[in-house]
Amino acid sequence: MGLFITFEGIEGSGKTTQIRMAGGYLKKRGVPFVLTGEPGGTPVGTELRKILLDKTSLALSCRTELLLFAADRAQHVEEVIGPSLENGEVVLCDRFSDATVAYQGYGRKQDIEPIQAICDFASQSLISDMTLLFDISADKGLDRVINRARGMGNVPLEDRFEKEHLKFHETIRKGYLALAKENPGRFRIIDSSQDIDAVHREVCIHLEGLIERRGYAVQ
């Protein structure tokens, strides 16, 4: 079996940049890997992503939103993550079940226990070998999002979640930190308010330790 590593964090935490850089790190060292993410890691997921992150803000109920994310994950595990792990590859995934608990549970104020049960069903009980949590204050994260949008020509914020109010993102951050506290053996918290290169160095330290312990030949 391969290794499953998830990248989590609130909007503007830099996790998407860091997962790409992590892929480059593994490539240089000759480690077989797959770079993927949710929602949208499959053709089915791409269609679901259009609904979930629609810029026109479709009126989804909290339960509908939750179940659509679960459907995306079920297809993702079946089609991409599971087979890649069976092939012995390192799977780097931008968001997974922790994101659903943080956003749809803590953020939307829904009961955590049934959400975890839904995530368990959709993921076939798959749990990451390591979760890197890119932690940053909600105000700094959203400032990054806004500055990024302005840098692209004053385009609207990217999706429905980036347009949520500050308190929503503060609640999600607290949810992520609560999950990390509950699962200290799996989570690695990284201060993502640092510059990009400093964060990347910390990511590489965690990756290198894990892949060496699991017997991957690192060049």
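The model is predicted.

**Helix H4 and its surroundings**

H4 spans residues 97–107. The helix is mostly covered, with ten of its eleven residues buried. Those buried residues are Ser97, Asp98, Ala99, Thr100, Val101, Ala102, Tyr103, Gln104, Gly105 and Gly107. They pack against several elements: strand S1, helix H3, helix H5, strand S4, helix H7 (166–182) and strand S5 (187–191). After H4 comes lysine 109, and its phi is positive, near 60 degrees.

**H3 against H4**

Two packed helices are described by the angle between their axes and the distance between the axes. Helix H3 covers residues 62–86 and packs on H4 at about 175 degrees, and the axes lie 11 Å apart. Angles over 145 degrees count as roughly antiparallel. H3 and H4 are therefore roughly antiparallel to each other. On the H3 side, Glu65, Leu66, Phe69 and Arg73 make the contact; on the H4 side, Ser97, Thr100 and Gln104 do. By class, this contact has two nonpolar, three polar and two charged residues.

An α-helix has 3.6 residues a turn, so residues three or four places apart point the same way. The H4 contact residues are Ser97, Thr100 and Gln104.

**Two residues at the packing sites**

Serine 97 sits in helix H4. Its relative accessible area is 14%, so serine 97 counts as buried; the cut-off is under 20%. Beyond residues up to four places away in sequence, serine 97 touches Glu8, Arg73, Cys119 and Ser123.

Isoleucine 115 belongs to helix H5 (residues 112–122). Its relative accessibility is 1%, so isoleucine 115 is buried. Which residues does isoleucine 115 contact, leaving aside its neighbours within four places in sequence? They are Leu66, Thr100, Val101, Gln104, Gly105 and Gln110. Leu66 also takes part in the contact of H3 with H4, as do Thr100 and Gln104. The C-alpha atoms of isoleucine 115 and glutamine 104 are separated by 8.0 Å, although the two are eleven residues apart along the chain.

**Aromatic pairs**

The structure holds four aromatic pairs. Two of them are set out below.

| Ring pair | Centre distance | Plane angle | Geometry |
|---|---|---|---|
| Phenylalanine 4 and phenylalanine 96 | 4.9 Å | 85 degrees | edge-to-face |
| Phenylalanine 7 and phenylalanine 134 | 5.7 Å | 20 degrees | stacked |

Each pair links distant parts of the chain. Phenylalanine 4 is in strand S1 (residues 3–9), and phenylalanine 96 is in the loop between strand S3 (90–94) and H4, 92 residues apart. Both phenylalanine 4 and phenylalanine 96 are buried. Phenylalanine 7 is likewise in strand S1, and phenylalanine 134 is in strand S4 (residues 130–135), 127 residues apart. Phenylalanine 7 has a relative accessible area of 0% and is buried. Phenylalanine 134, at 1% relative accessibility, is buried too.

Ring pairs also join Tyr103, Phe168 and Tyr176 into a cluster. Tyr103 is one of the buried residues of H4.

**A charge over a ring**

What lies over the face of phenylalanine 96? Arginine 73 does, at 5.1 Å from the ring centre. Arg73 of H3 is also part of the contact with H4, and Arg73 is among the residues that serine 97 touches. Phenylalanine 96, in turn, pairs edge-to-face with phenylalanine 4.

Definitions and conventions: Residues numbered from 1 in each chain as written. Predicted model: local features only at pLDDT ≥ 70, side-chain atom pairs only at ≥ 80, totals over all residues. Heavy atoms only, no water. Axes fitted to C-alpha atoms, helices over the stretch in contact; angles between N-to-C directions. Helix = DSSP H or I, 4+ residues; strand = E, 2+ residues; numbered from the N terminus. Parallel < 35°, antiparallel > 145°, perpendicular 65-115°, else oblique. Contact = heavy atoms within 4.5 Å. Nonpolar A, V, L, I, M, F, W, Y, C, P; charged D, E, K, R; others polar. Phe/Tyr/Trp six-rings, centres within 6.5 Å; stacked < 30°, edge-to-face > 60°. Buried < 20%, exposed > 50% of the residue type's maximum accessible area, 1.4 Å probe, protein only. Lys NZ or Arg CZ within 6 Å of the ring centre and 35° of its normal.
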